[in-house]
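Subject: Structure for you to look at

Hello,

Here is the structure I promised to hand over. Please open it alongside this note and read the two together.

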Amino acid sequence: MSIPDVTELTLEEKASLTSGASFWYTKPVERVGVPAIMVTDGPHGLRKQREGGDHLGIGDSVPATCFPPAVGLGSSWDVDLIHRVGEALGTETSIENVAVLLGPGINIKRSPLCGRNFEYLSEDPIVSGVLGAAIVQGIQSKGVGTSLKHFAANNQENDRMRASSDVDPRPLREIYLRGFERVVEDAQPWTVMCSYNRINGVYASEDPWLLTQVLRDEWGYEGLVVSDWGAVNERVPGLAAGMDLEMPSSGGATDAQIVAAVQDGSLDESVLDVAAGRVLDLVRKAQDGAGAVAGPLDVDAHHALAREAAGRSIVLLKNEALRPAQGPVLPLAKDANVAVIGEFAASPRYQGAGSSMINPTRLDNALDEIRALSSGDVSYAQGFSNALQVSAEDAAALRTEAVAAAEAAEVVVLFLGLPARLESEGYDRDDIDLPAAQLELLDAVLAANPNTVVVLSNGGVVALPFAGRVPAILEGWLLGQAGGGATADVLFGDVNPSAKLTETIPVRLEDTPAYLDFPGEFSHVRYGEGLFVGYRWYDARRMDVAFPFGHGLSYTTFAYGDAVAQVDADGDLEVTVAVTNTGDRAGHEVVQVYTGLAGSQVQRAPRELKAFAAVALEPGETQTVTLTVRRKDLAYWDIRADRWIVEGGSYTVSVGASSRDIRSTAEATIEGDVFTLPLTRASSMGEVLRHPVAGPIVQSMIAQAMGGVADSAASIMPEGVDMSKMMESFPIGRIGMMAGLAGDGAGASPEMIDGLIAMANAGGVPAQA
């Protein structure tokens, strides 16, 4: 049956469509054949509640492939790989007759303390936007929808239902909205999920500026806005703002509010028609896509893809020789005698807690997989316990056992990380430290056997005070159900690590950009670091970091040629560079392009990521890599004009292997946008002098006035004082005071100034009387 037009529905039926029927289903309108559709959680796997399960579905969801969460998958920087994972997610969603998978989450990692950082991709909006679009495109290619979340400026869990993210226009546009804009424009997700929080005092669920002006009018969004579950504050204002579908069910209460508002004239029925029409459009899409993928699920194939993705998500932070005459510790020889230490090796931490918890189809652990690949002796010691309460005696016994295993082995693989209780949806972390018992274990193991590889399991960055004392570190993040096998693959070199950090690892929590402003107070959090989020902060302040944004090593090496940057016919910047695999193993290199503009008229970071590509290279192979920097990504948000502006000038284009490993630079001259700010009496002399019409006129006025001023100033100003710099910020409306300084009647009358302003703003044509 075809889905009817909104005009065929009664007022009450239209209102009913704008809220859920239950926790996971929209409302049907049986009279005209509108079915209910199911939406359910993701984003790194399908979390579909079984029939008769708890209302959240956390305790009893159908088995599904648990792919690496975004913290891991994003570290691949690989658009094609992420698209394939998206296709697999879409396949599983379709097989289970779910219309919309709720994800991906692309919020910026403003602070490492955010308890939900494991669900997000990066501290950088270009990474988040490009990779987020790939996930959406992959999922939606299978006839099911996505829900881009959490829109917007949702960067902490503390007080998340009501806290106001108080953020200035430039960082809001350039950092926190830019990734969402990229996904909307490139992939058109079926739904966008508005967040719980307020933005500059206004709830996201009832903000017309956010949900209509920006999302729809500026970005051209065509889909439906759905609330996060329980994010509705006031339903009628939310509907008018552009929040179409409230989830979950309100039991009919908010539907009745909408009907009453239409009937008393406080809500125009056309507003309801638009929202109900968008819900009908979503149902049509779901109906059209239903059955696009036939079951049953190929569990083995999807597990294999999860293992591939996990292997591509592991970041090799460090890999050095224990002694000068030796090679790097990794990869391990398969016949080496290895001591595997740490509870995470046998009981993996593979996903985060909260609404994204997947019931995996199977679960690998690293200990079994290491033994499966090894031909040497592999011993195991638990080392520490993740239990909430552990006695001092039990902890000491575990360390003693681990030290004995370490002493007897050629090499130790030590698994450390964060217990699940320390990072979860719903609350933030207190610090970025590993548990004290684990650090004590590390000290004991290193004393027994310095030939130690540390493997980390964590959803958010952790401090690494031991980085200088261990020869090799693998950042394993949370790797999904096949992470154990992928870890073994990387340790033994069956997979060459290629992942790179999408967030900076700081030396200390106190060094982080939001340290003094996170998580705020009295339900307000001030984004005091402004534009300087993540690597932008550390680079601008020239601060030491543990490991920089974009960093990640390989078992092979890569050389870069000279970069060339040229502006193409569309105004985009085309950057080409030759990259060569100079080692003896095949591998992937993530080539990164950053831009900077010295002498900019606005505040900028020294360099900002603008494009990237993951390139596969065989030993000795060279590829010429072409990366496109979109012109719009060079723009800054001009708070005077309330619009994007590309500033003209000579941009430095830096190509490298990380934000602090720049291999080649080029210069590119970018033609700026034509933009002349209207003049007022408050306009500075500098602004007036740069104006194409007013500038020459004022030059002559200044020359006349400054003669007398210079004579007067000579007796009181030190020699060499630049009067022109002093006058740069002087408002033109006050230039009349020059007459008093000159003492000879020179200067400009208010009428003259007003006439000049009118002529300038008219484009040089004298104003008509």
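A residue counts as exposed when its relative accessible area is over 50%. Phenylalanine 522 has 76% relative accessibility, so it is classed as exposed. Bear in mind that this is a predicted model.

Confidence first. The chain has a mean pLDDT of 93. Of its residues, 93% reach 70 or more. There is one stretch to treat with care: residues 739-746 have pLDDT below 50. That stretch still has 12 contacts in the model beyond near neighbours in sequence. Where pLDDT is low, predicted coordinates should not be read in detail.

Now the backbone. Most residues other than glycine have a negative phi, and most peptide bonds are trans. Here are some exceptions.

- Phenylalanine 522 has a positive phi of about 50° and is not a glycine. It sits in the loop between α16 (483-492) and β15 (524-526).
- Glutamine 188 also has a positive phi, near 45°. Its place is the loop between α6 and β5 (191-194).
- Glycine 42 to proline 43 is a cis peptide bond, with omega near 0°. Proline 43 lies in the loop between β1 (39-41) and α2 (70-73).
- Glycine 295 to proline 296 is cis too, with omega near 0°. Proline 296 is in the loop between α10 (269-289) and α11 (299-311).

Next, helix packing. Two packed helices are described by the angle between their axes and the distance between the axes.

Take α3 (residues 79-95) and α4 (residues 125-140). Their axes come within 6 Å and cross at roughly 35°. The crossing is right-handed. On the α3 side, the contact uses Val79, Ile82, His83, Gly86, Glu87, Leu89 and Gly90. On the α4 side, it uses Val130, Leu131, Ala134, Ile135, Gln137, Gly138 and Ile139. The residues of this contact split into 8 nonpolar, 5 polar and 1 charged.

Helix α4 also packs on α6 (residues 178-187). Those axes come within 8 Å and cross at roughly 35°. This crossing is right-handed. From α6 come Arg178, Gly179, Arg182, Val183, Asp186 and Ala187. The α4 residues include Pro125, Ile126, Ser128, Gly129 and Val130. The contact of α4 with α6 divides into 7 nonpolar, 6 polar and 3 charged residues.

What about helix α5 (residues 169-176): how many of its residues are buried? The count is 7 of 8, so α5 is largely enclosed by the rest of the structure. The buried residues are Arg170, Pro171, Leu172, Arg173, Glu174, Ile175 and Tyr176.

Last, the cores. In soluble globular proteins, nonpolar side chains tend to be buried together. The largest nonpolar core here has 103 residues. Phe151, Trp229 and Leu609 touch the most other members. Helix α4 gives the most to this core, with 9 residues.

Leucine 609 deserves a view of its own. Leaving out residues up to four places away in sequence, it touches Trp77, Asp124, Ile126, Val127, Tyr535, Phe549, Gln592, Val593 and Tyr594.

Best wishes

How values were computed: Residues are numbered from 1 along each chain as its sequence is written. This is a predicted model: local features need pLDDT of at least 70, side-chain atom pairs count only at pLDDT 80 or more; totals for chains, interfaces and linings use all residues. Side-chain values use heavy atoms; hydrogens and water are left out. Axes are lines fitted to C-alpha atoms, for helices over the stretch in contact, and angles run from 0 to 180 degrees between N-to-C directions. Helices (H or I, at least four residues) and strands (E, at least two) are DSSP runs, numbered from the N terminus. A crossing is left-handed if the near helix is turned anticlockwise from the far one by less than a right angle, and right-handed if clockwise. Contact means heavy atoms within 4.5 Å. Ala, Val, Leu, Ile, Met, Phe, Trp, Tyr, Cys and Pro count as nonpolar, Asp, Glu, Lys and Arg as charged, and the others, Gly among them, as polar. pLDDT is the predictor's confidence in each residue, from 0 to 100. A nonpolar core is a set of buried Ala, Val, Leu, Ile, Met, Phe, Trp, Tyr and Cys residues joined through side-chain atoms within 4.5 Å. Buried means under 20% relative accessible area, exposed over 50%, partly exposed in between (1.4 Å probe, protein chains only).
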